[in-house]
Amino acid sequence: SFHKTTTRDYLLRKVSEWGYEARVVAELKFDLPQAYKFHTKKSVDIQVDLIRIQTWKQGNEDTVDDSMDESEQTVETIAKIQS
């Protein structure tokens, strides 16, 4: 999921408190377009993290499913292009 980079420490700490593991998969700039007339800028670039929360395989809570799915591979490719 996407989250503002400024919330990274809080989010990772909360996920850990809930008993899960999370990692930052990519750091990206997100172009947030003007949504309302009172916004003074046409768009704003916001630093965001793509964070993956680890889930356990069904029926085996001791094993973390750490395989990289197709969408995660795509995101890593985008991150490499942006850097």
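Author: Happy to! This is a predicted model, and the structure holds three salt bridges. One of them joins the side chains of Glu27 and Arg8, at 3.2 Å from N to O. Glu27 belongs to strand E2 and Arg8 to helix H1, so this pair ties together parts that are 19 residues apart in sequence.

Asp49 counts as buried because its relative accessibility is 0%, and the cut-off for buried is under 20%. What surrounds Asp49, once its neighbours within four places in sequence are left aside? Its contacts are Ser1, Phe2, His3, Thr5, Arg8, Val24, Ala26 and Glu27. Both Arg8 and Glu27 are on that list.

The remaining bridge is between the side chains of Glu17 and Lys14, again 3.2 Å from N to O. Glu17 and Lys14 are three residues apart in helix H1, so about one helical turn separates them. Glu17 is exposed, with a relative accessible area of 52%, and Lys14 is partly exposed, at 24%. Salt bridges that share partners join Arg8, Glu27 and Asp49 into one network. As background, side chains of opposite charge can pair when their charged atoms come close.

Now for the setting. The elements run β-α-β-β-α from the N terminus on, giving two helices and three strands. The largest nonpolar core consists of six residues: Val25, Ala26, Leu28, Ile46, Val48 and Leu50. Strands E2 (22-33) and E3 (43-53) each supply at least two residues of this core. Ala26, one of the core residues, is also among the contacts of Asp49.

Trp18 lies in the loop between helix H1 (8-17) and strand E2, and Trp18 is exposed because its relative accessible area is 56%, where exposed means over 50%.

For the protein overall, buried residues make up 18% of the 83 residues, with Asp49 being one of those that count as buried.

Methods:
Residues are numbered from 1 along each chain as its sequence is written. This is a predicted model: local features need pLDDT of at least 70, side-chain atom pairs count only at pLDDT 80 or more; totals for chains, interfaces and linings use all residues. Side-chain values use heavy atoms; hydrogens and water are left out. Helices (H or I, at least four residues) and strands (E, at least two) are DSSP runs, numbered from the N terminus. Buried means under 20% relative accessible area, exposed over 50%, partly exposed in between (1.4 Å probe, protein chains only). A nonpolar core is a set of buried Ala, Val, Leu, Ile, Met, Phe, Trp, Tyr and Cys residues joined through side-chain atoms within 4.5 Å. Contact means heavy atoms within 4.5 Å. A salt bridge is a side-chain nitrogen of Lys or Arg within 4 Å of a carboxyl oxygen of Asp or Glu.
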